[in-house]
Amino acid sequence: MTEREHNDDSTRNYTKSTVVSLDTRELDTTEGRNRWADTLDTLYCEMDVAWPERAPFDGEWGGHPFGGLHVSSIHAGVHTVVRSPAMIRSDSVDGFLVCVVTEGSVAVTQHGRSTRLDQGALALLDLSVPFDFDAPTDFRQAVVRIPRELLMSRLPERVVARLTARTIPGTSGAGKLVGRFLVELSVLDQEIPDGPATALSTSTLDMLVTALSGAADTTRSVDLHHSRDLARVQQIVEERLHDPELALSDVAAEANISVRQIQKLFSEAGTTPRAWLYRTRLERARRYLLTTAFTVAEVSIASGFRDVSHFSRTFRAAYGTSPGRYRSLSMSES
């Protein structure tokens with residue numbers, strides 16, 4: 001496995017770095033509803049919002065970027081949100097939403113499935129597929145916006161399609177742990193610097209994938225095994241990421257599966273072993289630049305690049321600037 005294969009999409013950031021603060025109680029009904037709908041469009045995608053006729057509506061919304069993710073805390077009254085096929089055609093914004101409901105209840109429908117969320121339960125929604133979100137009562141929830149490539153690099157697409165609009169209980173197991181963490185994150189009132197936020201958001205995604213994968217009854221056993229095999233292979237690679245001589249055959253031997261099977265696992269996730277390795281090495285290097293005092297040469301070694309010159313060229317191609325300059329710019333913006 002080498003880092004030669006370049007994939008431009010792997011380094012793009014689809015998350016809008018938007019800080020949200022909205023309280024419709026300070027607005028009249030018409031303006032409050034318009035601002036609510038505009039916030040949905042700005043943060044997520046084009047959606048249609050409907051309220052009961054002549055019913056009052058109050059809503060509070062706070063949100064902030066968190067590494068590659070965007071996290072929001074929402075407290076709102078009765079309303080319905082619809083993303084239709086026509087909206088998807090006119091607004092091709094992609095990605096996923098994770099909703100964690102802590103008060104009241106909501107119903108979500110996608111892929112012909114409907115589920116109800118309450119008591120800390122969470123569910124996944126795909127923004128590229130039509131869905132309905134119905135809140136028949138006042139509710140509170142945390143919402144996490146995830147760029148598609150970040151989730152797809154961890155789970156095969158067909159597994160993700162079977163996991164949308166499924167309830168992951170928030171009363172026990174991984175769902176409880178992840179749900180509580182996301183809720184706490186959504187109401188965090190102290191800004192986390194970019195470096196730690198980037199590292200923590202990666203860990204957050206890994207925890208979320210664990211919770212999703214644990215929903216064994218929501219997908220075929222063969223797909224579940226593929227998902228676990230992919231996670232195992234990725235773990236092996238990450239543990240040996242510092243080794244510039246790491247070969248796919250070495251990973252296959254340690255995982256006790258064939259090279260061909262590894263290639264198939266990554267193909268199902270919409271990438272290749274080389275592209276994923278390339279992205280993972282760059283992401284580790286970026287985190288180290290932001291969170292450690294390592295020199296550029298030390299970052300290069302720790303991330304598995306053959307030499308610092310190659311690392312600098314590769315990093316510049318991906319991020320548009322040198323590693324040292326990237327660190328300086330990030331520090332000045334913090």
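Where does A165 lie? I looked this up before anything else. A165 sits in the loop between α4 (157-163) and α5. I note here that the model is predicted.

**Entry: A165**

I checked the backbone angle of A165. Its phi is positive, about 55°, although A165 is not a glycine. I wrote down the general rule beside this value: most residues other than glycine have a negative phi.

N256 is a residue other than glycine, and its phi is near 60°. Is N256 buried or exposed? I found a relative accessible area of 69% for N256, so this residue is exposed. The cut-off for exposed is over 50%.

Helix α8 covers residues 248-255. Which residues of α8 are buried? I listed L248, V251, A252 and A255. Seen down the axis of α8, these buried residues fall within an arc of 100°, so they line one face of the helix.

**Entry: S201**

I looked up S201 and found it in helix α6 (residues 194-213). S201 is buried, because its relative accessible area is 5% and anything under 20% counts as buried. What does S201 touch, leaving aside its neighbours within four places in sequence? I noted contacts with F66, G67, G68 and L69.

**Entry: Q190**

Q190 is placed in the loop between α5 (173-186) and α6. Its relative accessibility is 62%, so Q190 counts as exposed. I also took a distance from Q190 to S172. These two residues are 18 residues apart along the chain, and their C-alpha atoms are separated by 28 Å.

**Entry: S21**

S21 belongs to strand β1 (residues 20-23). S21 counts as exposed, because its relative accessibility is 69%. How far apart are S21 and R228 in space? From C-alpha to C-alpha I found 39 Å, and in sequence the two are 207 residues apart.

I looked up A297, which is in helix α11 (residues 296-302). At 36% relative accessibility, A297 is partly exposed, because that class runs between the cut-offs of 20% and 50%. A297 is 139 residues from R158 in sequence, and their C-alpha atoms are 40 Å apart.

G324 is in helix α13 (residues 323-333). Its relative accessible area is 31%, so G324 is partly exposed.

**Entry: the chain as a whole**

I finished with values for the whole chain. How many helices and strands are there in the chain? I counted 13 helices and 11 strands. The C-alpha trace spans about 65 × 50 × 40 Å along its principal axes. The radius of gyration is 21 Å; a compact globule with 334 residues would have one near 20 Å, so the chain agrees with that value.

I looked at burial next. Buried residues make up 50% of the 334 residues. The chain exposes about 15600 Å², and carbon and sulfur atoms supply 49% of this area.

I also looked at contacts across the sequence. Among the contacts with a separation of 6 or more, 73% come from residues 24 or more positions apart.

The chain has 37 positive and 44 negative side chains. How far apart do the centres of the two sets lie? I wrote down 6 Å.

Note on methods: Residues numbered from 1 in each chain as written. Predicted model: local features only at pLDDT ≥ 70, side-chain atom pairs only at ≥ 80, totals over all residues. Heavy atoms only, no water. Helix = DSSP H or I, 4+ residues; strand = E, 2+ residues; numbered from the N terminus. Rg over C-alpha atoms; globule rule 2.2 N^0.38 Å. Buried < 20%, exposed > 50% of the residue type's maximum accessible area, 1.4 Å probe, protein only. Contact = heavy atoms within 4.5 Å. Areas by Shrake-Rupley, 256 points an atom, 1.4 Å probe, with all protein chains shown as cover. Lys, Arg positive; Asp, Glu negative; His and termini not counted. Charge placed at Lys NZ, Arg CZ, Asp CG, Glu CD. Arc of directions from axis to C-beta.
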